[in-house]
Amino acid sequence: MFVIIPLLSSLLSIALTFLLVAHLHLYFRRQAYSHIPSTPIPWGLSWWSGHITLLRSSNTSTLDTLDGISDSLSSPNIVVFLASRTAFYTRDVPIVVKILGHPKSWLKPREISLGWVGGTRVLGHRSLITDPGTANWQNKRTALDPLFKLASLSFLGEPIQKATQNLLQQIRYLKSKRGVDLTNILRQSSLEVFYRCILGFKTPPEDELYNAINEFRATLKYFKSDSLNIDMPWSSGDTKKRYSRAVRVIRDSLRGFVKEHGNENGILKHIIEVNTTNGKVNVEDTVDELMGFLIATMETTTVTMVTAFQHILGNKEVLERVTAEVGSVYSDRDVIQMDGLLKLPYLSHCIKESLRLSPPVSSTVRVNKTGKIVVEGLFIPKNTLVVIPIRSLQRDPRHWKDPTDFNPDRFTRHNVTPNTFLPFSIGPRACIGRDFVMTQVTWTLSVLFRHFGFCKSEDDSIVDSFNVDILDRLS
C-alpha cells in the first residue's frame with residue numbers, strides 16, 4: 001500500500017505535466033496565428049480539438065462552414081484549428097496566385113489525397129495528382145504537358161466521334177422516353193473516350209471491369225466528399241470492402257493492359273516512358289497515373305457535362321441561343337470536325353459559366369513545408385494547411401456581378417477579373433487535361449443539341465442523377 005500511493009502520485013504528476021506541456025504547446029502554436037482572424041474557441045474539453053466540434057456540428061459541408069465563418073468575420077483570410085493541425089482559408093486573390101504559382105514552396109499534402117485509402121493503393125504517392133511536388137513530379141509534368149495542349153489534341157477527333165456515335169445510338173433508342181438518367185449515359189460515353197483515347201481500346205471494357213468502375217465511382221464519394229474530411233471516411237467496413245475490391249479489379253485490368261499493349265498506343269506509351277527508370281518500367285506507378293485519368297473522366301468530365309446541361313436547360317433563352325448556334329455550325333451535317341468547335345463560342349461560354357457556378361473540384365489544399373513564409377505581407381507559419389475555396393472565389397460578389405446568376409455573356413465581354421476563374425486551378429499544377437475536358441465536353445454537347453431536344457424530367461426517382469425527357473429531333 002505504501003508503495004502504490006507514491007507510484008500513483010508519480011503517475012499523476014507525469015500526466016499533469018504532460019497535459020500542461022501539451023496545453024502550452026497548443027496555446028503558443030495558436031498564438032502564432034493571432035494576426036489572422038478566427039472564430040473563438042470555447043474553453044473546456046473542446047478547446048483541445050480546436051474548431052473540429054464546430055465543423056462537425058454544422059449542417060453544411062466543411063467548405064460551406066468555412067465560407068460562413070469568413071463572411072461573418074468580413075475577412076477573406078481566416079484560420080481554423082483542427083486539433084494538432086492548422087488550416088488557413090483564403091479568398092484573397094493575390095495570395096491565391098502566389099501560393100498556386102509556387103509549387104516548390106507550397107506542396108500538395110499527402111495525408112488528404114487518394115494515394116492510399118484504408119490500406120488500398122489508389123493513386124500511390126508519386127502520380128501527377130498525389131506527388132507533393134518533387135523533382136519526379138516536375139519531370140513527369142514537363143514530359144506529358146505537350147500531349148494535352150489544345151494544339152496537340154487532334155488525336156481526339158476519331159475516338160470522340162466514335163464515342164458520340166455510340167452515344168447517339170443509345171439515345172435514339174431511348175427517344176420519346178421520360179425520366180432518362182442522362183448522368184449515367186454521359187458517364188458511359190466519358191469512359192469510352194478514356195478507353196479509346198488513353199488506352200487505345202477499340203471496344204468497350206468487359207462487364208466485370210465496367211461493373212468495378214461503377215462500384216468504385218459509387219463508393220468514391222465517401223472518401224473524397226471534402227478537402228478537409230473531419231470524420232474518417234473509411235469508418236464503414238462494408239463500404240471499405242466494396243471500395244477496395246473495386247480498386248483491385250480496376251488496377252489488375254490496367255496492369256494487364258500496360259504489360260500487354262503498352263507499346264501500341266501513343267498516350268499510354270508516353271505515360272509508360274515517364275515511369276521508366278534505367279530501362280525498367282514501374283508498372284504500379286503507370287497504373288497510378290491511369291487511375292488518375294480514370295477518376296478525372298468519371299468526376300471532372302462527366303460532372304462538367306451534366307451541370308452544363310442542367311444550367312442550359314434551366315434557361316429558355318440560353319437553350320434557344322445554344323441550339324441556334326449549333327444548328328448554324330452543323331447545318332445539314334450530322335458531325336463536324338474538331339476545327340468546327342471554334343465556331344461554337346456561346347456553347348463554350350455556357351460550359352465556362354457552368355464551371356464557374358459548379359466546379360467539379362470545390363477547393364484545393366496546399367501545405368508549407370519549407371519554413372516561415374510571408375505572402376503579400378501576411379506571415380504563414382510552417383506546416384500550415386492552406387485551403388483555397390475555388391467555388392467560393394468563383395461566386396465572390398467582389399469579383400463577379402450577380403454571382404449566383406447563370407450568365408454566359410460575362411465571358412463574351414471578356415470582363416472576368418484575372419485569376420478568379422479557376423475550375424482547373426492555375427499555375428504549374430493546373431489540371432493537365434483541361435483542354436482535353438473542354439474539347440470533349442463541347443463536342444459531346446454540340447452533338448446532343450444538334451440531334452435531340454431535351455427538357456428536365458419530373459421523374460426524380462433516381463438518386464444522384466439528372467433525369468431528362470428526350471424529345472424529337474430539333475430542326
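**Exercise 1.** How many nonpolar, polar and charged residues does the lining of the second largest pocket have? Describe the pocket.

*Solution.* The model is a predicted one.
- Step 1: begin with the space itself, whose volume is about 390 Å³ for the second largest pocket.
- Step 2: list the lining. It consists of 14 residues, and L150, L341, L342, S348 and T439 are those nearest the centre of the pocket.
- Step 3: sort the lining by class. This gives 7 nonpolar, 4 polar and 3 charged residues.
- Step 4: find the helices that contribute. At least two lining residues come from each of α14 (345-357) and α17 (434-451).

**Exercise 2.** Which residues of helix α6 (residues 135-144) are buried, and why do they lie on the same side of α6?

*Solution.*
- Step 1: pick out the residues under 20% relative accessible area. In α6 the buried residues are N136, W137, K140, R141 and L144.
- Step 2: look along the axis. These residues lie on the same side of α6 because the arc they cover around the axis is only 125°.
- Step 3: turn to the face directed away from the buried side, where A135, N139 and T142 are exposed.

**Exercise 3.** Where in the chain does pLDDT stay under 50, and which elements have the lowest and the highest mean pLDDT?

*Solution.*
- Step 1: take the whole chain. Its average pLDDT is 84, and 89% of the residues reach at least 70.
- Step 2: compare the elements. Strand β14 (residues 467-471) has the lowest mean, 69, while α14 has the highest, 96.
- Step 3: locate the stretch under 50, which is residues 230-235. For this stretch the model has 12 contacts beyond four places in sequence.

How values were computed
Residues are numbered from 1 along each chain as its sequence is written. This is a predicted model: local features need pLDDT of at least 70, side-chain atom pairs count only at pLDDT 80 or more; totals for chains, interfaces and linings use all residues. Side-chain values use heavy atoms; hydrogens and water are left out. On a 1 Å grid over the protein atoms alone, a cavity is a set of points where a 1.4 Å probe fits but cannot get out, and a pocket is an open set with protein on both sides within 12 Å along at least five of seven lines; lining residues have an atom within 4 Å of a point. Grid points are joined across faces, edges and corners, and a volume is the space filled by probe spheres set on the points. Helices (H or I, at least four residues) and strands (E, at least two) are DSSP runs, numbered from the N terminus. Ala, Val, Leu, Ile, Met, Phe, Trp, Tyr, Cys and Pro count as nonpolar, Asp, Glu, Lys and Arg as charged, and the others, Gly among them, as polar. Buried means under 20% relative accessible area, exposed over 50%, partly exposed in between (1.4 Å probe, protein chains only). The arc is that of the directions from the helix axis to the C-beta atoms. pLDDT is the predictor's confidence in each residue, from 0 to 100. Contact means heavy atoms within 4.5 Å.
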